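Here is a short briefing on one protein structure. Look at the model first, then work through the points by topic.

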Amino acid sequence: MVEVGAQLYTLRDFTQTPKDFERTISKVAAIGYKTVQLSAVGASVTPQIAREICDKYGIRIVLTHSPVDRILHDTENLIHDHEVMGCKYIGLGSMPFKYEDPNWIQYFVEDFKGPLDMIRDAGMLFMYHNHDLDFYKANGKFLIDYLLDGFAPDELGITLDTFWLATAGVDPIAWIRKCADRIPCVHLKDRKVTKERTEIMAPVMEGNIDFKAVMAELEKTSCKYALVEQDVCEGSPFDAMKTSFENLKKIGY
């Protein structure tokens, strides 16, 4: 069964020091989460400190978002850091700017091939997180498809993000099916339309995405961890994370 976790990017303002990181992890654990993704955590929260604090509260670190320069040029040490954290999935949060160019996306595979092979050979998996931009067509082909065509599933996974799929105007269910063997981790993020006709992020099941259908489809795939994320919250991000957790619990998670 897919396990629901917390993407700590939602709580990034509260994870910049070891003291605040521990306070935040204690609150995340109290909500009921057992797994987290580390993203935008303060530099003073070292891999060892993060592991010790998470272990203290019964939390497992299952995914990161890591700087692209470390992925490409400090791969061995990055792998070691993930071994310290007990984390198998090394993530990249977005497409580096230069590869967005239609004349440069072709070099992504060439540049990342060596580091991704090192990550795979260490028993880990590189995870690429999509945004709506990844469904921009360069030379008639989605940016994300350059990655899918260039790497095997044991080299590159996709952290599908439900909000950005919906924002891009593509069918989340169709893309879950397309990436079924590449999505050990996904992001659950809802999308709500306001009376003013603006589109905003919302707690899971508080917006317009059919998460019952999403979760049912994820159960048919390689997905292990569905990580709740909300980049922007109308109130306290802790309240938003709790609402998402409780809503998912009502449908069996």
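Lys-88 sits in the loop between helix H4 (75-85) and strand S4 (89-92). The model around this residue, like the rest, is predicted.

**Lys-88 and its surroundings**

- Lys-88 has a relative accessible area of 38%, so it is partly exposed. The cut-offs that matter are under 20% for buried and over 50% for exposed.
- Leaving aside residues up to four places away in sequence, Lys-88 touches Val-62, Gly-123, Met-124, Leu-125 and Lys-224.
- Lys-88 and Tyr-9 are 79 residues apart in sequence. In space, their C-alpha atoms are 18 Å apart.

**Two loop residues with positive phi**

- Ala-40 is not a glycine, yet its phi is positive, at about 60°. Ala-40 belongs to the loop between strand S2 (35-38) and H2.
- The relative accessibility of Ala-40 is 36%, so this residue counts as partly exposed.
- Met-205 is another residue other than glycine with a positive phi, here near 75°. Look for Met-205 in the loop between strand S11 (199-202) and helix H9 (211-218).
- Met-205 is partly exposed because its relative accessibility is 30%.

**The nonpolar cores**

- In soluble globular proteins, nonpolar side chains tend to be buried together.
- The largest nonpolar core here has 71 residues. Which of them touch the most other members? They are Phe-112, Trp-175, Leu-188 and Leu-218.
- Helix H6 (residues 143-150) gives the most to this core, with five residues.
- Trp-175 touches Phe-135, Phe-142, Ile-144, Asp-145, Leu-148, Leu-160, Leu-165 and Val-170, again without residues up to four places away in sequence.
- A second core is separate and has eight residues. Among them are Val-62, Tyr-89, Met-127 and Cys-185. Val-62 is also one of the residues that Lys-88 touches.

**Helix H1 and its two partners**

- Two packed helices are described by the angle between their axes and the distance between the axes.
- Helix H1 (residues 18-31) and helix H10 (residues 237-250) have axes that come within 10 Å and cross at roughly 25°. Angles under 35 degrees count as roughly parallel, so H1 and H10 are roughly parallel to each other.
- The crossing of H1 and H10 is right-handed.
- On the H1 side, Thr-24, Lys-27 and Ile-31 take part. They meet Phe-238, Met-241, Lys-242 and Phe-245 in H10.
- This contact of H1 with H10 has four nonpolar residues, one polar and two charged.
- The axes of H1 and helix H2 (residues 47-56) also come within 10 Å, crossing at roughly 30°. H1 is therefore roughly parallel to H2.
- H1 passes H2 in a right-handed crossing.
- H1 brings Pro-18, Phe-21, Glu-22 and Ile-25 to this contact, and H2 brings Ile-49, Ala-50, Ile-53, Cys-54 and Lys-56.
- Seven residues in the contact of H1 with H2 are nonpolar, two are charged and none is polar.

**Helices H4 and H5**

- H4 packs against helix H5 (residues 107-121) at an angle of about 30°, and their axes are 10 Å apart. H4 is therefore roughly parallel to H5.
- The crossing of H4 with H5 is right-handed.
- Thr-75, Glu-76 and Ile-79 of H4 make the contact with Pro-115, Met-118 and Ile-119 of H5.
- Four residues in the contact of H4 with H5 are nonpolar, one is polar and one is charged.

Key:
Residues numbered from 1 in each chain as written. Predicted model: local features only at pLDDT ≥ 70, side-chain atom pairs only at ≥ 80, totals over all residues. Heavy atoms only, no water. Core = buried A, V, L, I, M, F, W, Y, C linked by side-chain atoms within 4.5 Å. Buried < 20%, exposed > 50% of the residue type's maximum accessible area, 1.4 Å probe, protein only. Helix = DSSP H or I, 4+ residues; strand = E, 2+ residues; numbered from the N terminus. Contact = heavy atoms within 4.5 Å. Axes fitted to C-alpha atoms, helices over the stretch in contact; angles between N-to-C directions. Parallel < 35°, antiparallel > 145°, perpendicular 65-115°, else oblique. Left-handed = near helix turned anticlockwise from the far one by under 90°. Nonpolar A, V, L, I, M, F, W, Y, C, P; charged D, E, K, R; others polar.
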